[in-house]
Amino acid sequence: MASPANRMPRGLRIASTLFIVTWLIMAAFPFFWTLWGSFKVEIDFFSIADWTTALTGDKTKETYGSPITGAGYYGAWVQEEFGRAVINTFIVCFFVVCTSLTIGTLGGYALSRSGFRYTFWLLMIALIFRAVPPITLVSGYLLPFFEWNVWGILPTTIIVLVAINQPFTLWMLHSFFQSIPKELDESAKVDGCTQFQAFRRVIIPVMWPGVVTTGLFSFLLAYNDFAVTALLLSKENQTMVPKIASFLGTTQTEGNVMFAVAAVVSATVPLFILVMFFQRQIVGGLTAGAVKG
Amino acid sequence: MFLKKLALASIMTLTASSAFAACEISGRVSIVGNEFPAIHAVANGAKECSGGEVKANLTADHQKINVAGMSGNPAEYTTAIIANSSIAALMNENVIRPIDDLVAKYGQNLKKNQLITVSGKVMAVAFMANAQHLVYRKDILEKAGLQPPKTYEEMLAGAKVIRDKGLLQNPLGGAYKAGWNLGQEFNNMYIGHGGEFFKPGTAEPSINNEAGVAALKMMKALSEYMNPDFLTHDSNATSSEWKAGNVAMMNMWGSRMEPLKDPAQSEKVVVENTTLASPMTVGGGSTPATTLWWDGWTVAKNISDEDAAATFQAMANGIDPSQLDSEMSTLAVWLIDGYKPTPAAVGVFAAAKMNATPYPMLPFIGLLHTALGAEIVDFMLGKESAEQALADVEAAYTAAAKEKGFLK
Amino acid sequence: MKHRTFFWFFLPTATAMLLFIAYPIISIITQSFYTPHEAVLIVSEVCDPFGCKEETTVDQEATNALRVSKPAGNFVGWNIYLDRGHLATTEVAEAWRSREGLGDFFNALGNLPFYRAMAFTLTYTFVVTPMLIIVGFMIALGVNSLHRQLKGLVIFFSLLPMIITPLIGSLILFWMLDSRGILGSALQWMANDPSLSMKASTGLTWVMLMVYGVWHAAPFAFVVFYAGLQTLPQDTLEAARIDGANRWQQVKHVIIPHLMPLVTFVALIQLMDNFRVFEPIVSFNAEAHATSLSWIIYNDLQGETRQLSAASTTSVLTIIGVAILLSPVLVRTWRDFKGKT
């Protein structure tokens, strides 16, 4: 892009940089604000009296003797055992991503390589499946799951999340596989490979950029899900998001909002590490050009 | 000195006896219920029992899973902790059993008024009570030269004085969030005006009347003195406003009083001046504009008799008078024998003393409550008349009640 | 690919979807045509800690007898679809007959839950979807022209609004947008109106929800477009440049056509997601001003007495709505598909 002949005119470059900077502020500011606020007490951070107390931390100082306190983190991690929810979340995410990608890759590959008319209809049906509001699905699961005695445990939730996520995974992987030239596996089949061998030897090595991106979305779905995890997991198996929601209190009883804020910040840290770690795959992988048409 | 020691010793023996209380069960106990400290205390008490497994799943989503979790055979949950608003759902689905025999056998420590009976059969055991009542800021009322209000009319007039004197811009608070909270405020106000929700003996609504209109008009008048975002304020947000010192008077849950007076959460001046009072009346009526609530536990129908007996014993142990130590006493307004009201409980007791109306245990009240929460919003926003809003509530309720088979 | 091979490749994913999506859909559809049995009501004495009184209760034995005789419930046909909580045909016809002008008719429609929800849902869908595609595209172009070393960091921060849980992301913004929060105060200062509150007026609440919608979903469009930009055929771009195409012409004639399939994909997914808008309404406590179809389902399942049939009916209506909404895109995909084979 940055070849000398195509260098941006100055005005445009300034405009583009300004736009990106504005966007970054919009995207990141709420999180820095939350990070800052997580070290205050509720009345300061929510600044019901005046927003500047969130900066100065008057009440925090009054209560803890310093404008910064780790009380929210202590409460969330030690008192409420947020760590268990973190472990549960990672178990759920790991298995959801693996299962979802395994069966999704097979299905998406098949859809992209079969020219019959039913593949179109299968894709359409998958799309309709995605249109069902998850809360309705989940309330339908409750009764059978209780009867089969599988309610509340992690494997059930994992399978449900995989299934709910399949339509999206299929669509995404289907498009990625379509951009991998058919000649590749056709020629492997001419050389005497079965379809599966062709898939394994020729397609698998070049499919990673698409798979990583799809995996990222599967991960986010599992990580962020509330509708399924809130209703299908028992208290001790809860993942992070329902756990955070449970800190917020109910009509008749006071919650512990600062635990929730500290937990929100804690829940974002692994995402930060993950994206930093996979950044090269996400950016570099896509750049590698395996998806060049 | 000697007396003090004696008292201490007797308390020690009491606590000790509770820890070693002979609670021997033979069966499975599995609890589902809401999550707050008082219920945790009860569940922990139940877990003291030995001889059988005692599990508890306490979550804010308990109402969504309890019916499904008790429908199987055998039921996953052997007991559900519910309130007077939610017991109807379990009875409608026929998943809880009458427990008269168990009360006779194992319920020696229960008071008569803890037993919830329907058509002469004991269906649940109540252990704590709750109600909304007035809270006010002594200092602001003094500055404005006001007496604590006994009626909503006085509250309204007081709010005007406080605003005119420039003491507070929005002196009133209230959990008026659209949905359940707003519906509940209507219920209070309607009961205060002497209204009846249904035609006697039927499921037909009867709220579109003078009492209903008066209730709505009073709510609208009060909302003029609230934070303009009042339709987004649930009781959490209202409490926060109070703690920050922005509000002088509000009608609030008894169970939320303790944190308001916590110096770590509230401004100093708020802690010192927050005063609890009895609920107010409205429109010249004598019934206070509030509802009484209880929380209690039930026993599932689809379980073996051994498990039912174990469940009853364990839960009875959880609310045994011997469990009431100084820590547990502050968690709720207990209905348990021997409970000494704490300062945070005076509002709820005052409500009960004034013969406040309990929240109705009708099978279809939940549908009306939902309809109210959704349909009176337009009136509160000034988009339609009170009569139209009430007609909409009745229409929405009727559609829902027909679907659930309560109306033909 | 042979049918047989296709079958084995597709079997695992098909099984998962059949069991956990197709089967529940069938039961949802069935449920929307059935209601529970009539409850036999009797008046009996009810005692609680505050005293005894006569109250209406359900006669369990009589109701159970009904239940056992017909376990599926009452078949009611289209009744629930047509009742006031859903399509409200009677009420709509009545409003049409007694209208005093179109405005009056639309007001009457807005008083019915389904149409009120549709008004917000459709506005939201058709404002947010194009906006997020445009914003996402612009971010992708901007990031693409950045220095290599900066890209990683910028990408991470750009992804934040998407990767944070919607329930929590919107909660954070809700706190900040309070009239005394930092953003709320900033807006008051900018508008020079100290009584401005985003949460108190219907119009501003809609704006707030839509801005949140764009903020939350633009990163998704950005990531997809950014990936597409990496595969941009450099020779075509070079050729356009040699032909003297300026920057805008390059974008219009080379980049946008290249990204078109991705735009279709993003539009497809986002139209669907925006039509099912739900979390922001709950987190922003916005139900006084804005409701959506998904919110109605949630509300039906939320109360003390859960309305399963009503929720199922709204779910079916949502699926139909999505199908109608996506049909232009689907027709296009069908043509592409036929063109290829």
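What radius of gyration does chain B have, and what would a compact globule with 408 residues have? The structure you are looking at is a predicted model, and in it chain B has a radius of gyration of 23 Å. A compact globule with 408 residues would come out near 22 Å, so the two values agree.

Let's look at chain B as a whole. Its C-alpha atoms fill a box of roughly 70 × 65 × 30 Å along the principal axes. Of the 408 residues, 60% are buried. Now think about contacts between residues with a separation of 6 or more: in chain B, 75% of these link residues 24 or more positions apart.

Find B:E306 in helix α13, which covers residues 305-318 of chain B. Leaving aside residues up to four places away in sequence, B:E306 touches B:S26 and B:G27. The C-alpha atom of B:R28 is 8.2 Å from that of B:E306, although 278 residues separate the two along the chain. B:E306 has 13 other C-beta atoms within 10 Å; a residue counts as exposed at 12 or fewer and as buried at 20 or more, so B:E306 is partly exposed.

Finally, let's see where two chains meet. The crossing is right-handed. From α8(A), the residues A:L142, A:L143 and A:F146 meet B:I65, B:A68, B:G69 and B:S71 of α3(B). Five residues of this contact are nonpolar, two are polar and none is charged.

Technical notes:
Residues are numbered from 1 along each chain as its sequence is written. Chains are lettered from A and ligands numbered from 1 in the order in which they are written. This is a predicted model: local features need pLDDT of at least 70, side-chain atom pairs count only at pLDDT 80 or more; totals for chains, interfaces and linings use all residues. The radius of gyration is taken over C-alpha atoms; the globule rule is 2.2 Å times the number of residues to the power 0.38. Two residues are in contact if their C-beta atoms, placed from the backbone, lie within 7 Å. Helices (H or I, at least four residues) and strands (E, at least two) are DSSP runs, numbered from the N terminus. A crossing is left-handed if the near helix is turned anticlockwise from the far one by less than a right angle, and right-handed if clockwise. Ala, Val, Leu, Ile, Met, Phe, Trp, Tyr, Cys and Pro count as nonpolar, Asp, Glu, Lys and Arg as charged, and the others, Gly among them, as polar.
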